[in-house]
Amino acid sequence: MSTDLIKDALSLIPYGFYSITSRSGDEVNAMVANWVMQASFTPRLVAIGLQKKAYTHSLIATGGQFAVNIFRKEDVEAIKPFTKGRAKNPDKMTTATYTPAPATGCPILAGAAAYVECRVVQLIDVGGDHDILVGEVVGGDVLKPGAVTDTLTLPDLGWSYAG
Ligand SMILES: Cc1cc2nc3c(=O)[nH]c(=O)nc-3n(C[C@H](O)[C@H](O)[C@H](O)COP(=O)(O)O)c2cc1C
C-alpha cells in the first residue's frame with residue numbers, strides 16, 4: 001500500500017504483456033504494452049491505450065496498421081529487447097528477428113506464440129497522455145498452441161504500468 005490509494009486500486013487490474021508492432025512504408029517498430037483488450041465481436045475490434053509520444057504512435061498514425069504479438073511465459077526473453085523506446089534504443093529493429101504479417105506487413109516477432117494484425121479504425125484523442133487506438137482485426141494466427149494460462153502477463157514479471 002502507498003499513500004495513493006487510487007494508484008493502488010488501478011494497479012490491481014491484471015494485464016497481459018504484449019508487443020505492438022507497426023509498419024509505415026519501409027519503417028517498422030515494436031513496443032511493449034499492456035493496455036490491450038478486445039472491444040467488439042462484430043466486427044472484431046481491439047482497443048489499446050497508446051502513449052502519444054511513442055514512436056509507435058507516429059508509425060500507426062501514418063501507416064494505419066499494427067499487430068499485437070502475444071507471448072508465452074516461457075518466451076519472456078523474446079519480448080524484453082523491445083521494452084525500451086525507439087529514442088533510447090534506436091537499433092532495436094535492426095537487431096530483431098521477425099517476419100511480415102500477411103495482411104499488413106507488420107512484424108511478427110520471433111518467439112511470439114500468436115498474433116492478430118489490425119487496420120486502424122480510429123485513433124482517438126481523449127484528452128490524456130495516451131490516445132485510444134481502435135483497430136479492426138484483419139488477420140491472425142497461433143504459432144505455438146497453448147492455454148491462455150500460458151500467456152505472458154505483467155504480474156508474471158512483477159512489473160506494473162498503471163496508476
Ligand atoms: C511494462 C510496460 C508496459 C507498458 N504498457 C504500455 C501501454 O499499454 N501503452 C503504451 O502506450 N505504452 C506502454 N508502455 C510504454 C511504452 O513501451 C514506451 O512508451 C515505449 O517508449 C514506446 O516505444 P516506441 O517509442 O519505440 O514506440 C509500457 C512500458 C512498459 C515497460
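Select the ligand and T56: a ligand oxygen atom sits 2.6 Å from an N or O atom in the T56 side chain. Such a polar contact is a pair of N or O atoms within 3.5 Å; within protein, one must be able to donate a hydrogen and the other to accept it, and residues adjacent in sequence count only if both atoms are side-chain atoms. This is a predicted model, where local features need pLDDT of at least 70, side-chain atom pairs count only at pLDDT 80 or more, and totals for chains, interfaces and linings use all residues. Residues are numbered from 1 along each chain as its sequence is written, and side-chain values use heavy atoms, with hydrogens and water left out.

Now show the whole shell. The ligand is surrounded by 21 residues (a heavy atom within 4 Å). Among the closest are N34, Q51 and K92. By type, the shell holds 11 nonpolar, 8 polar and 2 charged residues. Gly counts as polar here, and Tyr as nonpolar.

Colour by secondary structure (DSSP runs: helices H or I, at least four residues; strands E, at least two). β2 (27-33), β4 (45-51) and α2 (55-63) each supply at least two shell residues. β2 gives the most, with 4.

Move to K52 and D131. They form a salt bridge, closest N and O atoms 3.9 Å apart (Lys or Arg side-chain nitrogen within 4 Å of an Asp or Glu carboxyl oxygen). D131 is in strand β9 (residues 130-142) and K52 in the loop between β4 and α2, 79 residues apart. The count comes to 8 salt bridges.

Last stop: P43, in the loop between β3 (36-40) and β4. The T42 to P43 peptide bond is cis, with omega near -5°.
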